Amino acid sequence: MTPDIPAKASPLRPIPRLIFASRWLQLPLYLGLILAQAVYVFHFWVELVHLLEAAFGNQAALKALVSSIGYRSDVDVTALNETIIMLVVLALIDVVMISNLLIMVIVGGYETFVSRMDLRSHPDQPEWLDHVNASVLKVKLATAIIGISSIHLLKTFINAANYDTKVLMWQTLIHITFLLSALAIALTDKLMSKPGGKH
């Protein structure tokens with residue numbers, strides 16, 4: 001018994017072919033995001049090296065850390081303390097989470113909107129990429145943004161003495177807005193999905 005041979009697709013007309021090919025215009029955008037991720041990697045290592053140097057008593061590295069995390073400027077810091085270490089570590093976690101967000105946008109966006117990457121047989125294929133689509137990607141991005149916002153809010157509360165009350169209030173309100181937006185996106189996705197359909 002001969003296997004079924006799939007029918008050959010008819011060639012597209014010129015205008016539909018041009019419109020379909022226009023998806024490749026997104027490729028430079030994803031390549032640009034890869035370069036942005038490289039900048040984040042560099043920034044991460046600069047901050048980590050400063051933290052290690054400050055731990056061994058390097059005053060220049062300590063000043064660079066204090067300046068980068070927005071620590072209270074009226075306090076003369078001569079050595080690392082728990083608050084500074086916590087703020088620096090949270091800043092490093094923030095960079096990692098933004099990097100994760102970039103990966104989701106780059107890989108998921110390319111797979112969804114530009115071209116298939118044929119990673120199904122690859123041992124390192126991300127689990128979430130197996131069932132990614134525009135709707136799932138939107139929910140994952142909203143969740144990632146909430147995580148990043150939570151880190152920023154925690155950094156602000158730890159260093160609350162250096163912020164105005166209005167700044168604290170607005171950051172909290174913005175975080176709540178992100179939460180409500182993510183819930184609305186997830187609820188809309190659930191309502192629009194077909195019962196029993198695959199996500």
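This is a predicted model: local features need pLDDT of at least 70, side-chain atom pairs count only at pLDDT 80 or more; totals for chains, interfaces and linings use all residues.

Q: Thanks! And where is Glu47 found?
A: Glu47 is found in helix 2, which covers residues 27-55.

Q: OK, on to Lys155 then. Buried or exposed?
A: Lys155 is buried, and it too lacks a salt bridge. The nearest side chain of opposite charge to Lys155 is Asp94, at 4.2 Å.

Q: What else does Lys155 touch, leaving aside neighbours within four places in sequence?
A: Besides Asp94, Lys155 is in contact with Leu87, Leu90 and Ala91. Lys155 itself lies in helix 5, residues 134-158.

Q: How long is helix 5, by the way?
A: Helix 5 has 25 residues and reaches 36 Å from its first C-alpha to its last. That is close to the 36 Å expected at 1.5 Å a residue.

Q: And which helices do the buried residues of helix 5 pack against?
A: They pack against helix 4 and helix 6, the latter being residues 165-192. The buried residues of helix 5 include Val136, Leu137, Ile148, Ile151 and Leu153.

Q: Let me zoom out. How many helices and strands are there in the chain?
A: Six helices and zero strands. Read along the sequence, the pattern is α-α-α-α-α-α.

Q: How much of the chain counts as buried?
A: Of its 199 residues, 27% count as buried. The accessible surface of the chain comes to about 13800 Å², and 68% of that belongs to carbon and sulfur atoms.

Q: Which residues make up the largest nonpolar core?
A: There are twelve: Leu51, Ala54, Ala61, Leu62, Leu65, Val66, Ile69, Val77, Ile84, Leu87, Val88 and Leu92. Helix 2, helix 3 (59-69) and helix 4 each supply at least two residues of this core. The largest share, five residues, comes from helix 3.

Q: Pick one of those for me: what does Ala61 contact, neighbours within four places in sequence aside?
A: Ala61 is in contact with His50, Glu53 and Ala54.

Q: Now a different spot. Why does Ile98 count as buried?
A: Ile98 has 17% relative accessibility, and buried means under 20%, so Ile98 counts as buried. Its place is in helix 4, residues 82-114.

Q: Which residues does Ile98 touch, not counting those up to four places away in sequence?
A: Tyr40 and Ile148. The C-alpha atoms of Ile98 and Ile145 are separated by 8.3 Å, while the two residues are 47 apart along the chain.

Q: Last one: what about Ala38, how is it classed?
A: Ala38, in helix 2, is partly exposed, with a relative accessible area of 45%. Its C-alpha atom is 9.3 Å from that of Ser99, a residue 61 places away along the chain.

How values were computed
Residues are numbered from 1 along each chain as its sequence is written. Side-chain values use heavy atoms; hydrogens and water are left out. Helices (H or I, at least four residues) and strands (E, at least two) are DSSP runs, numbered from the N terminus. Buried means under 20% relative accessible area, exposed over 50%, partly exposed in between (1.4 Å probe, protein chains only). Contact means heavy atoms within 4.5 Å. A nonpolar core is a set of buried Ala, Val, Leu, Ile, Met, Phe, Trp, Tyr and Cys residues joined through side-chain atoms within 4.5 Å. Lys and Arg count as positive and Asp and Glu as negative; His and the chain ends are not counted. A salt bridge is a side-chain nitrogen of Lys or Arg within 4 Å of a carboxyl oxygen of Asp or Glu. Accessible areas come from the Shrake-Rupley method with a 1.4 Å probe; for residues, only the protein chains shown count as cover. The expected span of a helix is 1.5 Å times one less than its number of residues.
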